[in-house]
Amino acid sequence: MRVREKGDRGVVQSVVLFLGVSVLSGALAAGLAIPFAGLAGFTTEKTSETLQDLPQQFDEVPLKQKSTILAADGSVIATLAEQNRVPVKLSQVAPIMQKAMVAIEDDRFYEHGALDLKGTLRALLRNQSEGSVQQGGSSITQQYVKMSLVEKANTPEEVAAATAETYQRKVAELRYAIAVEKQYSKNEILEKYLNLANFGDGAWGIEAAALHYYQVHASQLTLPQAALLAGLVKNPTGYDPTNNMKRAKDRRDLVIKRMLELKVISVAQANAALKTPVVDPAKIRPNKLGCANSKYPFYCDYVVAELTKNPAFGKTETDRRNFVKTAGLTVRTSLDPKIQAAAQKSINEHSRTSDSASAAITIVEPGTGLVKAMVQSRPYGNKKGQTSYNYNVEKSYPGGYGGFQNGSTMKAFTIAAAIQKGFPLNYKINSPNEIDLTRKKFSTCSGTTESFDSYTPSNSTSNVPVPTMIQAAQKSTNTYFLLLSQQVGLCPIAKVAQSLGLYNAQSGEPLDQVVSMTLGVGYVTPVQMAGAYAAFAARGMYCKPWLVTAIKGPTGKAINAPGAECKQALAPEVADGVNAVLHQVMEPDGTGGRLKFGKSDLAGKTGTIQNNKAVWYAGYSSRLAAASVVADASPPYVDLAKLTLDGKKIRDASGSGTAGPLWRTAMENALKYYPTTKFTAPSDKTVRGDVKDIPFVNGMNPEDAANKIRQAGFEAVIAPGTVNSEETAGTVAYTTPRQREGAPEGSSITIHVSNGTRKNQPQNSPKPPQNTANPPAPPTINPACPPWNPKYPNCGGR
């Protein structure tokens, strides 16, 4: 006879074992008979191997808990979850709920160990006599193990393995149950069971179920309520009162009667409970999970996208996204409901969901980068008139539209680069209505770039002939800024824009350095533009737009999250100079003059792209910066003048006339919550610039004058034609800038040749337009503005 090794059993013992396994795991309780023929191939050695391979300890599954996204004031923005669950201690569950669950699922729970042969056989007999399953055969511990194994499964295959009707799984389940009974007390097991169980209609765990069906906490449940919830666990879908009220009532009443049989409740209690309505459908709390059900769905999606970038939440984006939905996080964000309401009020006043044009606004706090508000005219959804695109953010974010061409809002970065290089705020350039830049070369970071064969850009507004930088900004003079960008160089402009967070929102690449860069280049978003202009308001401090301010785990412990990313991108005195220039844009003579409000200093810039397919207004005070855009967001893109906004055809497709009112309404209502603020005045050095003396060349031969100017460290250009002057005809009448004004080293000096006539001699400084009581009429578009750059066909202008 073979000597038995440790753990070995004979065939008879194996049969008894598996008979016990089948009975105890509920196979017979379901009315099934064990096919003993199936044991024939299951050898003694196989049995021994199976038992020896089973783990001796049960690793508890982490509960999938819902995560909550909060606004800055603590109000709920959205709930994210795979399972709507709020874990609670057993002491927070009403005793009647505990008794109801034990009564219907395992009435000898506190008397037996992991296996309850007596209870299982009794359940089998009752179920057979009733002709249906009335009582469960598995113990609560076994059920908890099975639910845990399913919870651990991450794929359909793993779920199938965790629920397979095989002897191996049943043996493993029983072994786990024994381990659980050794590791935890009965009350601990019941607590875990109540928190893990599915109670139907999207409610997981007893607390979420109580809140969902009855709008009470688990500690407040009554007998009829507890009976309904206890009955749901057996078949969460079949007994769900939202699916079948009669089946739910029958199941609830069965639980009540079982509690009466066990003398858990009295006859009077049972009769009263049986007469109670199952649920009040009007009081069932809907499970509004996910960003789609948020009051701020686009902002919510943006937050989730930011969270899934955090490497602490998983190796892959899928892992991180699952973690965010199941880890029970509390995420505090930057959204200010009052500022958001102000922005939404603007959208509501100036647009309709039925419009063919689309509008979007982002508001950012200078000095922190906190995104305070994000709104758009197209609502969230997939129906007609809705969209899943977020028009405020870059394409790299899920659902990000990827921005719009930015037009003359780019001129602000040219201004900053010019001031940085020492150009004075009153720097003058002869700026005719049209200039010829055909084949002109502009310096870039990698060398030079050249314009096209035919490039004759023009202005889109009426302008001062020889404006200062301030006057050119007020009128958004295209020719001035093109010539200024030629003198400054495209590289400094590109570096300023990049340091303030601008890049192509479609591709993620740096903005291209092309001749027309200052009139608009690439695609940018409202959140990028608001963040960039916020840096001017913060005296050069650029802070990357920031949404997630704090994260806590389910126990309240803080979780590390990326904080504010701020840097001094511009010297404060440079930003002060930009503020001084853009502040004048919002004075009566500027394109943004009719957008001015309140007592705080405001600054801003308009933007209109070629064929008016998108218009912008970006502006700020010291406290808030906002960017608004109105565009055709549905290809094939057309002129906004052919589209509708606020239910009406757009009559003034310009930055000031169309995007500007959206900006003003949003900012006017948002700034009501802030005190009056003023910009820091630029220093005298910033106003004067870092200039050198220009040689006095009046009355000289133009070529000799040009050589003298070049020898002094400047570029020299002889203007075509002649001007009225007392100087001898054919000699130098004057220069732009004037000799007394000076100019930055290396800048271009224009030489004007005299015709010898004193009549109508131009003044040293052009007389600024007189202010009037009424704001200026909106500037008109120059219909001759050509599509000179097929890649970036921006007309700039307003």
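**The disulfides and their setting**

A: Cys-445 and Cys-491 form a disulfide, with 1.9 Å between their sulfur atoms; the term denotes a pair of cysteine sulfur atoms within 2.5 Å. By this rule, the count is three disulfides. The model is predicted, and local features need pLDDT of at least 70, side-chain atom pairs count only at pLDDT 80 or more, and totals for chains, interfaces and linings use all residues. Residues are numbered from 1 along each chain as its sequence is written, and side-chain values use heavy atoms, with hydrogens and water left out.

The torsion about the S-S bond of Cys-445 and Cys-491 is about 95°, so this disulfide is right-handed. The pair links distant parts of the chain, 46 residues apart: Cys-445 is in the loop between strand E8 (441-444) and strand E9 (447-450), and Cys-491 is in helix H19 (residues 490-499). Helices (H or I, at least four residues) and strands (E, at least two) are DSSP runs, numbered from the N terminus. Cys-445 is partly exposed, its relative accessible area being 42%, whereas Cys-491, at 13%, counts as buried. Buried means under 20% relative accessible area, exposed over 50%, and partly exposed in between (1.4 Å probe, protein chains only).

In another of the disulfides, Cys-543 and Cys-566 have their sulfur atoms 2.1 Å apart. This link is right-handed, with 110° about the S-S bond. Cys-543 belongs to strand E10 (residues 541-543) and Cys-566 to strand E13 (residues 566-568), so the pair ties together parts that are 23 residues apart in sequence. Cys-543 is buried at 4% relative accessible area, while Cys-566 is partly exposed at 36%.

The remaining disulfide joins Cys-291 and Cys-300, whose sulfur atoms are 2.0 Å apart. Here the torsion about the S-S bond is about -65°, so the link is left-handed. Cys-291 is buried, with a relative accessible area of 7%, and Cys-300 is buried as well, with a value of 0%.

The setting may now be described. The secondary structure of the protein chain comes to 24 helices and 21 strands, and buried residues make up 56% of its 798 residues. Among contacts between residues at least 6 apart in sequence, 72% join residues at least 24 apart; contact means heavy atoms within 4.5 Å.

Thr-333, placed in strand E5 (residues 330-333), is buried at 1% relative accessibility. Thr-333 and Val-303 are 30 residues apart in sequence, yet their C-alpha atoms are 7.9 Å apart in space. Leaving aside neighbours within four places in sequence, the contacts of Thr-333 include Val-303, Tyr-299, Ile-77 and Leu-547.

Five strands form an open sheet with antiparallel pairing, in the order E7-E6-E16-E15-E14. Strand E7 (371-376) and strand E14 (603-608) stand at the edges, each with a single partner strand, so one side of each is left without a neighbour in the sheet. From one strand to the next, the twist averages 10°. Two strands pair if DSSP finds at least two bridges between them; five bridges join strand E6 (residues 358-364) to E7, and Val-364 stands opposite Val-371 in E7. Helix H21 (residues 572-585) lies across E14 and strand E15 (614-620), at about 65° to E14. Axes are lines fitted to C-alpha atoms, for helices over the stretch in contact, and angles run from 0 to 180 degrees between N-to-C directions.

The largest nonpolar core has 145 residues, and those with the most contacts inside it include Ile-363, Phe-536, Leu-582 and Tyr-620. Its largest share, nine residues, comes from helix H20 (residues 526-537). Beyond its neighbours within four places in sequence, Phe-536 is in contact with residues including Phe-413, Leu-500, Leu-582 and Tyr-620. A second, separate core of 59 residues includes Ala-114, Ala-230, Val-278 and Ile-284. A nonpolar core is a set of buried Ala, Val, Leu, Ile, Met, Phe, Trp, Tyr and Cys residues joined through side-chain atoms within 4.5 Å. In soluble globular proteins, nonpolar side chains tend to be buried together.
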